Amino acid sequence: MAMAELDSGAAVTSWNYSGERMAVGFTDGGAEVWSKGFGNGSPALSLDFKWKAHEGSSIVKLCWGPMEFGDIVASCSTDGSVCVWEEINENGKPKWRQCAQLAENSYCLDLKFGNCLGGLKLVTACADGYARIYETSDCIDLSKWQLQAVVSNATDVTEKTGKCSCSGASISWKPPAGSIQQPLFALGYSTDVSGFSTTKIWEFAEEHRRWYPIAQLSNADDGVGVSSISWAPNLGRPNELIAVASGSTVSIWDLEIGGKQGVSVQRIAELEHSAEVWQIDWDMSGMTLASSSSDGTVRLWQAGLDGAWRQQASLRA
Amino acid sequence: MPGIRRLEELENGERNAGGDGSSSSSAAVIYSVPGGLRDPGRLWVSWSNGNQLQLSYIENAVAGGGRVTEIHLGEGWDAERRRLAYDSLPAFALLQNQRQLGYNPGDWWEHVLEYSKSIRSVLDQPTQGKEKTSMLKAVWELIEVFYVDRSATWWLPERLVDWLAEYDKVLLSDEDTVHSKVASFQRKLSEIQFPEDDVAYWDAMASALSVGWLDVVIAFLRMHGSYRLDQLDDRQTENGLVEAVTLLIMQMPRLRPRLPDGSPGVAIGFKPDFSKAREKWRSQVSKLENSVFWAECNHRGTLLGLKKLIQVLLGNVDVLQLSTFHWMELLVAHFLHLIPFSLVLDGMRSIASKCKGLKSFGDEDLQELLSAIISNDTEILLAKCSKVFNAWMMAHVDDLLIAKGEDVRSLLEEDRQTLGGLSLKELHRLVYSQVLSSHSLTWQLAPVYLAACPNRGLGMLEALLMKQSCSNQKLALKALEICRLYELDTVSTAIARAVGVHSLKHGKKGQGIMWLQLARDEQRLSTLADQILNTITSGEADSLDNLEHFEGLCDILGSGATKHQGLSFLARYKSFKAALQNIRDLRRREASYTENLAALGRAAVTSLLQLLKSGTFPRKFWLSLLQESVELLEWPEQVLVSESETNTLLCCLQELFLARDRLEDDILSTAEPGAVDRLRLALASNLCRAILQS
């Protein structure tokens with residue numbers, strides 16, 4: 001059921017946590033926010049607000065913030081700027097205004113919010129292979145952000161010093177259990193330098209106030225960069241599941257944190273598409289994975305009773 | 001454990017079978033999305049609630065646009081399915097409650113029987129989609145008979161007969177069954193005068209007899225042409241034979257506790273009695289078969305037909321096979337006529353598979369399912385059930401199966417490593433809860449099922465509640481109610497916080513504060529309190545409107561947790577500001593009051609002078625007039641009477657004194673002592689003040 005038609009120039013869409021609102025970014029820097037409603041018994045999207053987010057540059061990615069901070073969206077564009085927008089009421093009508101602008105040195109490929117105990121954080125993965133983590137301590141006024149850390153996704157010293165240019169990146173926070181979110185995220189790049197393209201798991205160590213890479217999801221035959229990462233919601237499993245899309249394969253990794261050996265990783269499945277995988281997403285129970293690829297299909301994967309992952313369904317346009 | 005491996009094999013086996021690309025396979029369900037674009041460059045995929053997938057197609061071309069669609073995976077939620085979900089919830093919740101309260105293991109099956117009957121009554125009232133629900137009811141009842149009802153184990157075959165009588169009509173929609181044959185002939189019967197000429201009459205009766213529908217057979221037999229009044233004389237023998245067969249059928253012994261009132265047959269509950277009665281009855285049937293009267297029967301159709309019926313009663317396998325259409329009917333016929341004694345289950349299983357081999361029906365999955373129920377093959381039952389029916393069935397049927405015994409319980413309740421520590425029972429409930437969450441009208445049913453999931457139920461419930469939109473107050477209140485029921489404090493705090501911030505940002509400060517107080521979010525409330533303080537102290541709140549607004553906010557803030565210093569400070573600051581404002585108001589009122597008085601005073605002075613100056617006023621009243629004017633002369637706030645006016649008054653007084661001195665009128669003596677002095681003082685001081693002022 002088609003819910004909405006997007007104007008020409010649409011580049012990227014992003015849904016909020018409850019799945020009720022969608023933000024669209026355009027190649028001319030414009031942004032739109034749509035809300036889901038029910039018209040004639042079937043769901044339909046209606047345009048709430050439209051504004052120019054970035055002047056003269058295309059929006060690369062959009063992401064929604066946690067609902068506890070209101071309706072907030074962060075956007076990054078090809079001119080290197082990263083902005084945070086919030087929705088307020090003006091004269092009884094909703095309107096989006098800019099809260100903050102975090103300028104970048106190199107352009108940002110992906111960004112995601114994380115609602116940690118210490119405050120709201122925003123991780124941006126930049127094209128130079130470095131991730132910049134911003135945080136704000138104010139819970140209502142989101143105009144003041146500080147750069148908390150700059151980390152390089154390459155752990156090998158030699159690779160760190162070399163220049164790197166990445167074409168894509170993906171960040172995925174560990175989903176909150178209830179309302180508490182641990183400061184853990186996975187980061188991977190799409191580049192030819194393998195050190196950067198290997199997915200790393202970063203954790204914030206409270207006692208040192210620093211981010212450390214605690215694990216690496218890699219195999220010897222990983223040559224192609226990472227296009228999308230998704231961390232599965234964990235409703236009570238002892239281990240974490242992380243899906244990483246690279247080339248036309250989606251790998252599912254099993255991550256155990258806090259076990260006897262510290263952190264251990266294991267690849268438990270490799271799922272093949274017929275063309276390059278574009279995006280992956282887990283459902284709310286963490287049992288089904290949806291992956292979309294450039295061959296125009298979306299495939300759904302589930303583990304069977306024997307624990308092996310198989311394709312359950314596919315959607316074709 | 002062998003059970004698990006069989007289940008996995010079954011699953012894999014199906015996949016392999018379907019791997020050749022047949023569309024009916026369960027291996028890869030293909031959905032086609034209507035309205036996709038011709039050249040989708042990018043496909044963004046995002047899960048919404050439950051099983052809903054949101055897709056955004058964006059074209060590759062520069063000038064291309066995009067389309068956003070939502071796909072609902074799995075079966076849709078029509079009104080009938082929603083009704084089923086709502087109505088089956090109380091029975092499920094009751095059973096879980098009983099389990100938690102503790103029970104005697106030997107009696108547990110009785111609770112489950114209650115539950116099963118409640119669900120059956122829910123399934124009894126379909127409004128649409130009759131077919132699927134009837135099939136569901138048929139399978140449900142069969143499982144109840146074979147797995148739950150321990151009081152019926154000794155007469156299981158007869159129960160199967162009853163079951164088939166009830167549900168033969170729904171088992172196969174496009175193939176022949178005894179029911180379909182009987183029903184079609186019944187329609188013809190009323191029109192035919194001599195049904196015994198029609199072979200279909202005898203065939204229908206043989207089929208009905210073989211599956212034990214004795215009342216139908218007897219009704220048909222009574223329609224025999226030989227009973228007609230005009231035929232009775234000619235066809236006496238024939239009629240006699242028909243009547244004899246009818247009588248035999250009416251006396252057929254049945255191994256069961258009771259029969260419905262008025263039904264043919266004799267119910268015998270005690271096995272030895274039954275075998276004796278059956279022996280006797282069978283000998284009677286054989287005697288009839290060998291009777292000499294058959295030679296005198298003229299009507300060939302009747303002869304062959306009745307003989308066929310007798311063969312059925314004697315348990316002739318070939319005739320039974322010819323008279324039944326599918327294996328369930330053949331099985332029932334076996335139990336009625338061939339081996340009417342209650343058997344151990346192994347015996348049942350082998351006979352069932354023999355019958356299946358002889359007469360299988362088209363719908364293989366259903367067939368396997370029914371045979372699995374009869375043969376007590378729980379793994380196959382589960383595999384086929386999940387294939388034929390939907391998530392509702394899987395979530396509700398587990399409890400029925402577990403009532404059977406320990407081995408089924410361990411199959412369903414054991415935690416499996418391959419499922420990440422989940423048991424099959426829990427998996428079924430989680431899947432059903434996810435299906436429930438896909439629709440806005442059914443998501444609030446999910447918590448009951450999630451509460452029955454020990455491992456991941458709570459986690460999923462939290463995730464479900466957190467996903468509810470915070471812009472809808474009613475929804476948030478409902479979510480909070482659920483949190484309260486299941487003691488999910490952190491989640492209720494988070495939801496209240498989200499709604500509070502949302503209200504704040506959208507201009508509803510009071511509502512936002514109320515929700516934040518509910519969330520006991522000290523941090524945000526104190527930030528808010530500081531913001532309000534800033535607004536007030538910077539002087540913006542001096543206007544009356546702002547002050548009222550501020551007072552209102554303070555009331556709301558103060559009524560909640562006043563533990564925080566910022567809030568209690570605000571309350572006291574509010575009283576201080578209120579007091580200040582009162583003073584200012586009073587002053588303003590008094591000022592205006594004073595002005596009014598002064599105006600009145602001036603008016604009085606003017607009229608006084610007019611009186612005096614006009615000369616019409618008699619002199620003897622001047623003193624009293626002057627005394628009254630003292631009040632005006634002694635006006636505290638200002639000088640009301642000007643210089644010239646005071647002069648005039650002084651002159652009047654002077655005249656009075658002169659009058660007294662000239663001994664004309666002694667008006668002054670009528671005054672009280674001191675009053676004249678007072679007057680003179682007042683006049684003098686007023687003159688002073690007036691001069692000073694000017």
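Here is a short walk through a helix pair, a single helix and a sheet in this predicted model. Local features need pLDDT of at least 70 and side-chain atom pairs count only at pLDDT 80 or more. Residues are numbered from 1 along each chain as its sequence is written, and chains are lettered from A in the order in which they are written.

Let's start in chain B, with helix H5 (residues 156–171) and helix H13 (residues 327–338), whose axes come within 9 Å and cross at roughly 145 degrees. Helices here are DSSP runs of H or I with at least four residues, and strands are E runs of at least two. Axes are lines fitted to C-alpha atoms, for helices over the stretch in contact, and angles run from 0 to 180 degrees between N-to-C directions.

Next, look at helix H18 (residues 406–413) of chain B. Its buried residues (under 20% relative accessible area, with a 1.4 Å probe and protein chains only) are Val408(B), Arg409(B), Leu411(B) and Leu412(B). Seen down the axis of H18(B), they fall within an arc of 160 degrees, taken from the directions from the axis to the C-beta atoms, so they line one face of the helix. The face turned away from that buried side carries Glu406(B) and Asp407(B), which are exposed (over 50%).

Finally, in chain A, four strands form an open antiparallel sheet in the order E14-E15-E16-E17. Two strands pair if DSSP finds at least two bridges between them. Strands E14 (168–173) and E17 (210–217) of chain A are the edges, each pairing on one side only.

Technical notes: Side-chain values use heavy atoms; hydrogens and water are left out.
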